[in-house]
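Try each task yourself, then walk through the solution.

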Amino acid sequence: MWEYEHSVETTAPAEAVWALYADVNGWTAWDTGLERIEILGPFAVGTEIAMTPEGQEPVRMRITALEENALFTDETEVDGLTVRFVHRLDRVAAGTRVTHRVEVSGPGAEHAGPEITSDLPEAMAALVKLAER
């Protein structure tokens, strides 16, 4: 398994970041690595999300865990790999620590992982900037 984790802190409350997570159709406002994205139901466990990463084929991911204003996890199966994203919000004195963890398992995970996460710090910086408005 290949793993990567990145955290940023923001003065925004967890609820502000959560609102941006829950607005899946608006993710392209902060995640520039996405060409298009659409949630296929409510923001809830079991719901699928159709996502087209920039310059790639569309994939489907499924929300596998969700705790409002605290955590959600999604998983994608693509090309023999399982890609699991964990999005965690922790309250800190100044506001919120936002952590995104990516776990990639399967053949070639060590090569796919760095490509999948290459723009994660940039996307997270844009996410917290929007949450602070």
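**Exercise 1.** How many helices and how many strands are there in the chain?

*Solution.* Keep in mind that you're looking at a predicted model. Start by counting: the chain has 3 helices and 7 strands.

**Exercise 2.** Work out what radius of gyration a compact globule with 133 residues would have, and check the chain against it.

*Solution.* For 133 residues, the value for a compact globule would be near 14 Å. The chain comes out at 14 Å, so the two agree. Now look at the box filled by the C-alpha atoms: along the principal axes it is roughly 40 × 30 × 25 Å. Then turn to burial, taking buried as under 20% relative accessible area: 42% of the 133 residues qualify. Finally, the chain exposes about 6900 Å², with 48% of that supplied by carbon and sulfur atoms.

**Exercise 3.** Describe the largest pocket and say which element gives the most to its lining.

*Solution.* First, the space: the largest pocket holds about 770 Å³. Second, the lining: 28 residues form it, and Met 51, Pro 53, Gln 56, Phe 85 and Ile 116 are the closest to the centre. Third, the elements: those giving two or more residues are β3 (48-53), β4 (59-67), β5 (71-78), β6 (81-92), α2 (109-117) and α3 (120-131). The top contributor is β6, with 4 residues. Last, sort the lining by type: 15 nonpolar, 6 polar and 7 charged.

How values were computed. Residues are numbered from 1 along each chain as its sequence is written. This is a predicted model: local features need pLDDT of at least 70, side-chain atom pairs count only at pLDDT 80 or more; totals for chains, interfaces and linings use all residues. Side-chain values use heavy atoms; hydrogens and water are left out. On a 1 Å grid over the protein atoms alone, a cavity is a set of points where a 1.4 Å probe fits but cannot get out, and a pocket is an open set with protein on both sides within 12 Å along at least five of seven lines; lining residues have an atom within 4 Å of a point. Grid points are joined across faces, edges and corners, and a volume is the space filled by probe spheres set on the points. Ala, Val, Leu, Ile, Met, Phe, Trp, Tyr, Cys and Pro count as nonpolar, Asp, Glu, Lys and Arg as charged, and the others, Gly among them, as polar. The radius of gyration is taken over C-alpha atoms; the globule rule is 2.2 Å times the number of residues to the power 0.38. Buried means under 20% relative accessible area, exposed over 50%, partly exposed in between (1.4 Å probe, protein chains only). Accessible areas come from the Shrake-Rupley method with a 1.4 Å probe; for residues, only the protein chains shown count as cover.
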